[in-house]
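Please consult the sequence and the model while reading.

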Amino acid sequence: MTKVLELHGITKRFGALTANDDVTLTLDQGEILALLGENGAGKTTLMNILFGHYAADEGTVRVFGQELPPGLPRAAIGAGVGMVHQHFTLAGNLTVLENVMLGSEPLTRVKSARGEARKKLMDIAERFGLPVKPEAKVSSLSVGERQRVEILKALYRDARVLILDEPTAVLARPEAQKLFETLRDMTKEGLSLIFISHKLHEVMAASDRVAVLRGGKMVAERKTAQTNAGELAELMVGRKVERPVRHDHQIGAPVLVADKVRIEDGGQTQLDDVSFTVHTGEILGIVGVSGNGQAALGALLSGLAHPASGALTLADQDVGHLGPRGMIRAGAGRVPEDRHAEGVVGELSLWENAVLERLRTPEFSRRGFVRQGAARAYTNDLIKRFDIRGAAPDTRIRLLSGGNMQKLILGRVLSNGPRFVLANQPTRGLDEGAIAAVHAELLAARAEGAAILLISEELEEAVALSDRIQAIVKGRLSDPISADEADPQRLGLMMAGVWTEDENAA
Amino acid sequence: MRLERRSNVPLHLVILAPLAAVFTALLLASGLIAAAGVNPLTAYGEMLRGALGSRLSITEMLTRATPLIFTGLAAAVAFRARLWNIGGEGQFFVGALVTAWIGHSLGVPGWIGIPLLMLAGMAAGAALLAGPAFLRLRFGVDEVVTTLLLNFIVILFVGLMIEGPLRDPLAFGWPSSVPVDGNYRLPDLVPRSRLHIGLLFAIAAAGAVWLVLARTVFGAETRAAGLNASAAEFAGISLPKTIMGVALLSGALAGLAGSVEVMGVTAGVTTTMSPGFGYAGIVVAMLAALHPAGVVAAAVFVATVFVGADAMSRATGVPSFIADVIVALCLLTMIVALLFTTYRVRR
């Protein structure tokens with residue numbers, strides 16, 4: 001069989017970090033290869049080298065037998081490589097057609113060849129089964145449609161090898177399944193595909209072959225038909241990691257109650273008539289496809305957004321309008337969705353981040369001066385108690401791995417003895433070991449009586465940790481179901497918004 | 001070729017960066033000096049001698065450095081919190097004008113009047129920056145534009161006042177405001193020179209600013225807000241309060257520069273009393289990498305250029321505008337140097 005792609009002996013270093021270490025990879029004509037690995041395993045770096053965003057320190061890239069010059073995306077595009085990034089690179093104020101044409105026309109051309117372009121686009125859409133409306137503004141499209149435009153953009157440039165970086169990260173399950181069906185059809189048209197993923201089930205479902213990266217090294221290659229999810233998980237992590245198990249126990253009194261909360265932002269309703277109750281010693285899971293109001297819910301429970309109507313009470317105190325500091329004082333602990341953007345100040349030290357929320361308490365300041373000694377001692381405690389590795393109190397926090405950073409954030413929240421904890425995507429982007437540690441901490445806090453609201457896009461996580469689960473769809477919440485009744489099919493329906501008329505269908 | 005972020009900035013780079021920036025700026029400026037028909041080495045030699053060659057020149061240089069320390073601190077405090085206060089010049093002038101106006105007819109002894117006038121100058125500078133800070137917080141108005149344009153308004157206003165209500169009837173030639181009462185002139189630090197104890201105030205201010213930034217809750221909140229505003233907000237730090245606090249501190253420092261300059265040097269206010277102290281303060285702050293201790297050193301350097309350029313101009317005929325060119329070049333080269341301290345170049 002012809003090799004459409006050969007990566008040979010690729011090594012890439014960033015400072016002291018070796019992101020890719022002597023990686024060799026090939027792709028056959030018409031094949032779907034899954035590149036599997038944890039975050040930080042070097043998947044995206046490898047694909048960026050292939051596409052010419054980075055130049056490898058060592059090794060060669062051949063496309064259809066031709067060696068590509070390093071560091072030139074234009075050469076990669078010219079050779080027929082297309083890339084669909086995880087974060088879309090579309091201009092929302094332009095139409096689908098304009099986005100597709102963008103960058104493929106010479107600047108010096110006086111008149112844009114819209115007509116021809118439109119015809120070519122429609123031909124491609126037809127051939128690959130990717131229907132689009134060329135004159136629709138991209139900003140009016142759904143996430144799935146936008147992804148389709150990204151793929152068309154690559155195909156428009158005559159891509160014969162397509163790389164998709166975490167293509168399902170933003171898709172709901174039905175959309176993801178549809179995407180993989182489309183991809184399968186595309187291989188019949190002669191395309192070869194690589195998709196990057198860390199989700200075992202989709203790798204098993206959609207690929208012909210799996211290449212597993214770990215710590216920058218290629219650790220295994222398997223025919224998908226000859227392996228199983230268990231083996232792949234072990235290859236990916238490098239050891240067996242067991243996530244902790246939730247044990248049933250007595251749920252106590254209500255702690256946090258939202259009653260018909262509505263949140264508006266910029267004239268748009270973000271949360272609509274949302275009611276829920278979290279009890280002592282309970283984890284309430286909120287599942288849903290990304291972008292359905294989780295951000296507004298997180299902001300509400302962090303104190304950053306306030307109800308336009310309805311009420312939020314924490315231990316019988318109205319906390320809807322208190323703001324972050326007031327929420328903390330009322331006994332709320334908050335783990336933000338985005339560690340880097342909201343959780344920590346990367347350029348500051350561990351100790352400064354550890355006491356950031358409580359700078360003005362007598363514990364950490366006196367007469368306006370920071371009690372640095374107390375803050376450092378406290379941070380040392382956190383490092384020990386929460387097993388934060390590779391750091392001292394004065395280390396700059398951005399040097400920590402995501403898992404250790406998350407442990408510090410969890411530590412700063414849980415050491416404060418919170419009555420209520422918001423855990424917003426607490427394991428996003430973490431590797432298996434760190435996920436297990438975060439789950440264990442959350443379950444320990446639950447055992448000690450904290451009321452925890454978990455917002456998660458990972459169904460497995462939500463089911464494993466939650467006592468009850470509600471789905472969030474377009475800013476509205478379903479009724480809760482007990483975790484014992486939650487099977488993937490029923491949750492899938494809930495996340496698709498089918499709950500009002502179909503309560504007990506599954 | 002691409003830039004890669006360093007995981008840690010080593011100390012020697014922090015110190016080397018401003019030196020390399022200054023060297024490059026002098027190198028670039030030497031092209032202009034050569035174009036004026038003078039050997040750059042001769043010119044720089046004259047510059048050094050003019051600023052550091054005698055007791056008189058050193059005191060003159062330190063006199064010039066005093067307001068630069070204050071305005072440099074003003075810029076450093078603001079920039080650390082990402083409040084782009086370009087209005088140091090205007091704040092300097094309102095501080096000076098208010099000091100001269102009140103100090104002309106204030107009927108209290110010097111030991112109480114001098115601190116009072118300093119406070120008045122600080123209040124005036126703080127008030128001038130409070131407006132742009134409020135507009136930015138409330139309506140998102142870019143403070144670079146508002147503070148910069150306020151400089152021109154303030155200087156024209158000062159011109160109006162010193163030709164009108166505050167005109168000194170005894171001044172001949174250049175219009176000047178009424179002078180501060182003799183009781184409020186700052187004592188000399190070195191006899192028979194213009195150098196006054198304001199230099200000590202400036203150094204003390206640098207120490208105080210360091211203490212506030214490094215050790216207080218306000219300083220910690222400022223750092224967090226400047227480095228990652230959304231994380232600071234998430235942690236319950238009030239951004240409006242922090243930014244406003246920074247604005248008041250920054251404006252007060254620049255206002256204090258004007259106040260001390262009036263009490264220490266000029267007695268009355270003229271529109272030419274500042275050779276751009278406010279703007280040069282930005283360069284000082286950048287050369288100091290926004291560190292208060294560095295501000296003192298950088299102010300001495302910029303003052304050396306200013307004072308030395310006058311001497312060089314007299315000796316060699318190169319226009320003294322070269323000082324402005326050198327200082328401006330320093331800002332540009334320092335920005336490039338800072339880039340290379342945080343990033344490394346890789347192929």
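Two strands pair if DSSP finds at least two bridges between them. The model discussed here is predicted.

Q: In which sense do strand β1 and strand β4 of chain A pair?
A: Strand β1 (residues 3–14) and strand β4 (residues 58–63) of chain A are joined over five bridges. Within this pair, L5(A) stands opposite V63(A) of β4(A). The sense of the pairing is antiparallel.

Q: Which strands of chain A stand at the edges of the open sheet?
A: The open sheet has four strands in the order β2-β1-β4-β5 (chain A), with antiparallel pairing. An edge strand here has a single partner strand, so one side of it is left without a neighbour in the sheet. The strands at the edges are β2 (17–28) and β5 (66–67) of chain A.

Q: Is L191(A) buried or exposed?
A: L191(A) lies in the loop between α6 (173–188) and β8 (192–197) of chain A. A residue is buried if 20 or more other C-beta atoms lie within 10 Å of its own. L191(A) has 23 other C-beta atoms within 10 Å, and is therefore buried.

Q: How are α4(B) and α5(B) oriented to each other?
A: Helix α4 (residues 88–104) and helix α5 (residues 110–139) of chain B pack with their axes 8 Å apart, at an angle of about 140°. Angles over 145 degrees count as roughly antiparallel. The crossing of α4(B) and α5(B) is right-handed. The orientation of α4(B) and α5(B) is therefore oblique.

Note on methods:
Residues numbered from 1 in each chain as written. Chains lettered and ligands numbered in written order. Predicted model: local features only at pLDDT ≥ 70, side-chain atom pairs only at ≥ 80, totals over all residues. Axes fitted to C-alpha atoms, helices over the stretch in contact; angles between N-to-C directions. Helix = DSSP H or I, 4+ residues; strand = E, 2+ residues; numbered from the N terminus. Parallel < 35°, antiparallel > 145°, perpendicular 65-115°, else oblique. Left-handed = near helix turned anticlockwise from the far one by under 90°. Buried ≥ 20, exposed ≤ 12 C-beta atoms within 10 Å, placed from the backbone.
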